[in-house]
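Dear colleague,

I am handing over the structure we spoke about, with the sequence beside it. Please look it over first, and then read on for what was found.

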Amino acid sequence: MTSYIDSNEPNLVQDQKEALEKILFAEFNDVGGIFFVDAPGGTGKTYLINLILAKVRQRNKIALTVASSGIAAALLSGGRTAHSVFKLPLNLSTVEHPTCNISRSSHKADVLRRCKLIVWDECTMSHKAALEALDITMQDLLKNNKCMGGVTLVLSGDFRQALPVIQRGTKADEIHACIKSSYIWANVQRLRLKTNMRVPLTGQVFAQEFANNLLRLGNGDISGDEEGLIDVENIGIHVATTDELKEMVFPNIHENYCNPQWLCERAIISPTNYIVNVINNKLLMKLPGALEIYKSIDAVMEID
């Protein structure tokens with residue numbers, strides 16, 4: 001822990017340092033409180049969270065880290081999904097007063113009583129009832145009427161991205177389910193990360209412009225047409241065809257496909273699985289050797 005902190009803490013920028021100091025002051029002095037780290041993509045949110053967790057665990061204190069999705073949880077030190085750690089009900093939107101399925105005498109309850117810090121990443125896509133269920137459970141387990149039972153809670157995310165998904169719901173239903181509509185939000189202290197880390201790290205001139213345009217898009221500063229469609233011509237680099245896109249992202253793939261580092265640095269994201277399959281098949285055809293297909297089955301051929 002000490003080695004990790006010594007090598008990573010000096011790299012923090014000013015807004016990250018301020019967020020780190022405020023959160024650790026509240027935790028180390030048993031002040032408690034709820035913080036929301038407002039972090040657009042590329043501002044070093046995951047880097048900051050992992051450093052906060054290391055600083056707390058270095059003192060032999062328990063810090064729980066959860067995320068609203070498995071992908072986000074995998075990026076955090078010791079991260080797991082919120083539903084897994086807090087035993088949240090799956091029907092949050094239909095239960096009037098949901099609570100976590102944790103009994104007072106369980107080992108899980110003992111861990112929650114002893115933990116000093118809870119970090120919840122990508123909380124903006126969680127239903128407000130999940131946060132309220134945790135609040136009720138923590139107050140009950142710790143026998144403390146303070147919000148979250150007095151435990152320091154760090155929320156992080158970006159409201160410019162996905163809000164909670166409500167089945168067959170309207171925009172009003174989504175906003176009502178957002179954590180900003182919760183009674184807990186009144187107790188939240190907001191910490192903003194503004195410095196885009198990808199700009200100095202990559203050294204690319206267009207990275208800052210791309211980051212600024214993404215913020216303008218997320219803030220609603222780019223006006224749309226009568227149908228609400230937005231012109232993204234000035235955002236990113238444009239290609240005319242799918243083949244040109246593949247060549248730009250995966251240049252000379254037949255020479256580099258055995259290099260894991262090269263592959264980990266690039267990806268093509270598509271809104272539909274159909275396009276994903278089309279692009280994957282075309283890229284596979286560029287690789288040397290015969291194409292092998294292995295099919296899986298989810299049934300046992302012989303029960304014995």
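E122 lies in the loop between β4 (115-121) and α7 (128-142). Its backbone has a positive phi of about 50 degrees although E122 is not a glycine, and with a relative accessibility of 18% this residue counts as buried. Please keep in mind throughout that this is a predicted model. The other position of this kind that I would point out is N60, where phi is positive at about 60 degrees although the residue is not a glycine. N60 lies in the loop between α3 (45-57) and β2 (62-67), and, at 76% relative accessibility, N60 counts as exposed, whereas E122 counts as buried.

**The protein as a whole**

The protein has 304 residues, of which 37% count as buried, and its secondary structure consists of 14 helices and six strands. Taken along the principal axes, the box filled by the C-alpha atoms is roughly 65 × 60 × 50 Å.

**Aromatic rings**

How many aromatic pairs does a search of the whole structure find? The search finds five, and one of them joins F36 and F159 in a tilted arrangement, with 5.2 Å from centre to centre and 40 degrees between the planes. Because F36 lies in strand β1 (residues 34-38) and F159 in the loop between β5 (152-157) and α8 (171-177), this pair ties together parts that are 123 residues apart in sequence. F36 is buried, with a relative accessible area of 0%, and F159 also counts as buried, at 18% relative accessibility.

F159 has another partner in W185, and here the pair is edge-to-face, with the centres 5.7 Å apart and the planes at 85 degrees. W185 lies in the loop between α8 and β6 (188-192), while F159 is in the loop between β5 and α8, so this pair ties together parts that are 26 residues apart in sequence. W185 is buried, as is F159, and F36, F159 and W185 form one aromatic cluster.

Charged side chains also sit over rings. The charged end of K180 is placed over the ring of F159, 4.6 Å from its centre, and, at another ring, R59 lies over the face of F28, at 3.6 Å from the ring centre.

Finally, the second largest pocket holds about 470 Å³ of space. Its lining is made up of 19 residues, and those that lie nearest the centre of this pocket are L90, L92, H127, V165 and I166.

Definitions and conventions: Residues numbered from 1 in each chain as written. Predicted model: local features only at pLDDT ≥ 70, side-chain atom pairs only at ≥ 80, totals over all residues. Heavy atoms only, no water. 1 Å grid on protein atoms, 1.4 Å probe; cavity = no way out; pocket = protein on both sides within 12 Å on 5 of 7 lines; lining within 4 Å. Points joined across faces, edges and corners; volume = space filled by probe spheres on them. Phe/Tyr/Trp six-rings, centres within 6.5 Å; stacked < 30°, edge-to-face > 60°. Helix = DSSP H or I, 4+ residues; strand = E, 2+ residues; numbered from the N terminus. Buried < 20%, exposed > 50% of the residue type's maximum accessible area, 1.4 Å probe, protein only. Lys NZ or Arg CZ within 6 Å of the ring centre and 35° of its normal.
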